[in-house]
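Reader: I am new to reading protein models. Could you take me through this one, feature by feature?

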Amino acid sequence: MNQRRMARLLPLTLILLFALCMTGAVSLGEGKANICTITVGDGVLSVLKNGKQLETYTIDGQNPVILHIAGDYEVSWDQATNTAFAKDPLRISSAVDREQKVDAALWQLSAEARACFWQSFNTATLRFDQALQANTAGETLAVIADIDDTLVDGVMYTADVLQDGEWTNAAFGASLASEACLPLPGAVEFMNYVVDKGGVVFYVTNRDPSLREVTYSSMRKMGFPMADEKHVFIRETGMASSKESRRANIEKDYKVVLVLGDNLEDFADLFPVKQGNDVRRNAVDDIRDEWGRRFIMFPNAVYGDWEKAIYRYDKTKTPAQRMADKLSIFDQYKYTR
Ligand SMILES: [Mg+2]
């Protein structure tokens with residue numbers, strides 16, 4: 001094509017693109033790394049990753065469709081917003097989820113959140129002292145703690161993801177190895193206090209086995225004691241997310257006097273996610289005396305089973321459907337119900 005002809009066609013092309021955008025025929029989801037770029041036009045949806053086209057689909061614009069992308073990614077089409085969303089494990093990269101999580105992540109960085117962490121570790125110290133005094137038989141006392149957002153601040157990773165960073169185990173590992181990885185207020189002090197008083201600490205985490213070495217090294221670098229293969233229980237390949245069996249193994253040999261976590265699953269398998277929010281609330285009430293006594297809960301507004309329970313952990317739901325489920329929770333609480 002000669003230059004004069006290109007010069008004539010360029011304005012026409014721009015006008016056509018502008019018109020398509022204005023009518024909603026083109027929808028762009030931008031991102032980098034593992035975030036898909038979505039383009040819709042002329043009834044054809046193209047899904048690209050890292051600028052490389054993976055697959056195109058013809059859509060009729062009438063029916064919602066779930067798109068199974070060849071390769072690693074699954075993308076759902078949300079007709080209400082005329083947008084495609086990458087689903088788990090890329091949930092956080094969708095615009096809807098990002099908007100919801102920004103305030104939550106900022107809250108985790110707030111002074112109020114820090115006060116909650118100090119308060120919880122102060123309570124844990126008090127309870128451990130009481131357990132020591134009551135330990136007339138001289139048993140070895142143990143503390144079980146979750147790692148992420150209980151002992152180690154995960155917001156440095158969330159903050160990166162919320163700015164289009166990668167949402168992968170490799171990226172998470174890099175964040176753990178970075179200088180930005182920090183302990184939560186009071187965490188290192190408490191875990192060392194337990195060991196100094198003759199106790200044993202165990203770390204029970206659902207981190208991926210690929211993160212084993214960086215878990216040991218980063219925990220040691222931050223000053224956590226006993227961060228080794230004997231005391232760190234990772235979620236091994238094929239293992240359920242439940243931590244019950246790992247806790248039971250520890251309890252065979254030690255008197256566990258405290259459990260620390262930011263998610264109910266860290267404490268016991270008593271809070272079924274798929275049965276919804278009310279069932280979990282009631283289960284928490286049923287063991288009300290444990291909170292602040294043997295179980296120490298830390299705040300996490302960014303993620304957790306609390307959120308999955310709202311949409312019953314149904315992974316087929318689009319962000320728009322999940323938002324509808326979330327709003328419907330308020331129906332039973334609002335004063336005009
Ligand atoms: Mg956690």
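Author: Start with the elements. Helices (H or I, at least four residues) and strands (E, at least two) are DSSP runs, numbered from the N terminus. L109 is found in the loop between α2 (95–108) and α3. The model is predicted: local features need pLDDT of at least 70, side-chain atom pairs count only at pLDDT 80 or more, and totals for chains, interfaces and linings use all residues. Residues are numbered from 1 along each chain as its sequence is written, and side-chain values use heavy atoms, leaving out hydrogens and water.

Reader: How many helices and strands does the chain have?

Author: Eleven helices and eleven strands.

Reader: Is L109 buried or exposed?

Author: Buried means under 20% relative accessible area, exposed over 50%, partly exposed in between (1.4 Å probe, protein chains only). L109 has 53% relative accessibility, so it counts as exposed. Of the chain's 337 residues, 44% count as buried.

Reader: What is a nonpolar core?

Author: A set of buried Ala, Val, Leu, Ile, Met, Phe, Trp, Tyr and Cys residues, joined through side-chain atoms within 4.5 Å. The largest one here has 40 residues. L151, F190, Y203, M219, F224 and L260 have the most contacts inside it. Elements giving two or more residues to this core include α3 (111–134), α6 (187–196) and β10 (255–261). Another core, of 15 residues, lies apart from it, with V204, L264, A268 and I287 among them.

Reader: Which residues does F190 touch?

Author: Contact means heavy atoms within 4.5 Å. Not counting residues up to four places away in sequence, F190 touches F121, A124, T125, F128, V143, L258 and L260.

Reader: What about α7?

Author: In α7, V214, T215, Y216, S218, M219 and M222 are buried. The buried residues of α7 pack against α5, α6, β8 and β9 (232–233). G223 follows α7, and its phi is positive, near 105°.

Reader: Which protein donors does the magnesium ion have?

Author: Donors are N, O and S atoms within 2.8 Å of the metal (3.2 Å for Na, K and Ca); water is not among the atoms, so sites may look incomplete. The protein donors here are D146 (OD), D148 (O) and D262 (OD), lying 2.1 to 2.2 Å from the ion. Their spacing along the chain is D-x1-D-x113-D. D148 lies in the loop between β7 and α4, and D262 in the loop between β10 and α9 (276–286), so the pair ties together parts 114 residues apart in sequence. Both D148 and D262 are buried.
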